[in-house]
Amino acid sequence: MSIKMFYYKLGNQSLNISLFFTMISIIISIFLAEHNKPLASCFLLLSLSIFYYMIHLYYFKKSVRLNIKNGYNYGKSGLDVFLIEKASSYTYFFQPDGTANIKIQLKHTLKGPYLVYFENNRVMFMKIRKENDHSITFTFNDGKVIGHIDPKEKKNIIGEIIFPQNIFKIKRLPNREIVFYNKYRQLAVSKKGWLPLDWTSFFRLNTPVVTFQEKLTSTEKTAILLALVCIER
């Protein structure tokens, strides 16, 4: 998916919400008119309809104006960088060139929630278990990888990811950065509030950015992205 299509979908979602409030206000207006009741209660619904329609116009115009070019150069470090955008139950991980090959969906079923990880033609399912203390545990790769997230944990250590031969710790810093590290090596960091100037033509200013600062395996990267979805859900 491109960021252009992402904004187009956001615009469509807002348009659908606007139409929903419009239809509800019409139905209520007809009901109130038949019973000679004041129509003031419909004004709020109409206001919400107009509000979401304005959001629709904003994202639609933003989508139309974007020009996505393949091969965009976003650095010489060779490190993986993703910008995180959310829409309904999906979290998209965009590269700075405006394309996303990775997305994670949060699904709710009678058996409980689970995550679906999409990357190109690869699809993986991850179990999620909510504990009584509001912490979250997720497992994948046949239970060989276990992640435990506890956002309320003290000392800023809010979780860990356990691999067969390794453990990543997750730390939240005072500036809202989220750091993944192994012993004393910083592996990845997620933060908000900064974007290079040439990225702002595609992305919103406060878009979270996750940067991998070490060369990691595909499984390790997947686990970190899953942990970020659980933390920010």
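This is a predicted model: local features need pLDDT of at least 70, side-chain atom pairs count only at pLDDT 80 or more; totals for chains, interfaces and linings use all residues.

Biologist: Which residue meets R204 in a salt bridge?

Modeller: The partner of R204 is E85, with an N to O distance of 2.3 Å. This pair links distant parts of the chain, 119 residues apart: R204 lies in the loop between β11 (185-191) and β12 (209-212), and E85 lies in strand β1 (residues 81-87).

Biologist: Is E85 buried or exposed?

Modeller: E85 counts as buried because its relative accessibility is 3%, and buried means under 20%. R204, at 28% relative accessibility, counts as partly exposed.

Biologist: Where in the chain are the partners R185 and E214?

Modeller: R185 and E214 form a salt bridge whose closest N and O atoms are 3.5 Å apart. R185 belongs to strand β11, whereas E214 is in the loop between β12 and α3 (218-232); the two are 29 residues apart and link distant parts of the chain. R185 is partly exposed at 40% relative accessibility, and E214 is partly exposed at 28%.

Biologist: With which residue does E119 form a salt bridge?

Modeller: E119 pairs with R122, and their closest N and O atoms are 2.7 Å apart. E119 has a relative accessible area of 22% and is therefore partly exposed; R122 counts as partly exposed at 31%.

Key:
Residues are numbered from 1 along each chain as its sequence is written. Side-chain values use heavy atoms; hydrogens and water are left out. A salt bridge is a side-chain nitrogen of Lys or Arg within 4 Å of a carboxyl oxygen of Asp or Glu. Helices (H or I, at least four residues) and strands (E, at least two) are DSSP runs, numbered from the N terminus. Buried means under 20% relative accessible area, exposed over 50%, partly exposed in between (1.4 Å probe, protein chains only).
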